[in-house]
Amino acid sequence: MSAPYNVTIVTPWRQHADDVLRYEQRIATLDYPQDRLRLAFLENDSADATYSLLQSWAGLDRRITLEKRDTGGPLYPSIVNAHRFEIMGRVFNWALELVDY
């Protein structure tokens, strides 16, 4: 049987300080070899503690690549909006750039 693939979980973050610890716990309970997981986090425009919490986690976990790139865009509610989708597309593309091939 061959070894499992390396997997990178790419996650953009914004204004989700309340979810960082829960996300960390969920990653730890994944039924996948932890040494085969990589985490790529891109934080943008948070006004809460999201980035500092991610920095603390990244400081303890060498699997994490963390980058901060602010767009200056407003925090849209979950609506269909061309500008919102443009910003989201930019952020997701930046996050994908963090993946090790």
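This is a predicted model: local features need pLDDT of at least 70, side-chain atom pairs count only at pLDDT 80 or more; totals for chains, interfaces and linings use all residues.
Which residues is Leu-39 in contact with, leaving aside its neighbours within four places in sequence?

View 1. Residues are numbered from 1 along each chain as its sequence is written, and side-chain values use heavy atoms, without hydrogens and water. Beyond four places in sequence, Leu-39 is in contact (heavy atoms within 4.5 Å) with Ile-9, Ile-27, Trp-57, Asp-61, Arg-63, Ile-64 and Thr-65.

**View 2. The largest nonpolar core.** Its 8 residues are Trp-13, Val-20, Ile-27, Leu-39, Phe-41, Leu-54, Trp-57 and Ile-64. A nonpolar core joins buried Ala, Val, Leu, Ile, Met, Phe, Trp, Tyr and Cys residues through side-chain atoms within 4.5 Å. Buried means under 20% relative accessible area, exposed over 50%, partly exposed in between (1.4 Å probe, protein chains only). Two or more core residues come from each of α1 (17-28), β2 (37-43) and α2 (50-60). Helices (H or I, at least four residues) and strands (E, at least two) are DSSP runs, numbered from the N terminus. A second, separate core has 7 residues, including Leu-42, Ile-87, Val-91 and Leu-98.

**View 3. Surroundings of Leu-98.** Leu-98 lies in the segment after α3 (82-96). Leu-98 counts as buried because its relative accessibility is 14%. Not counting residues up to four places away in sequence, Leu-98 touches Ala-40, Phe-41, Leu-42, Thr-65 and Glu-67. Asp-31 is 67 residues from Leu-98 in sequence and 23 Å away in space, C-alpha to C-alpha.
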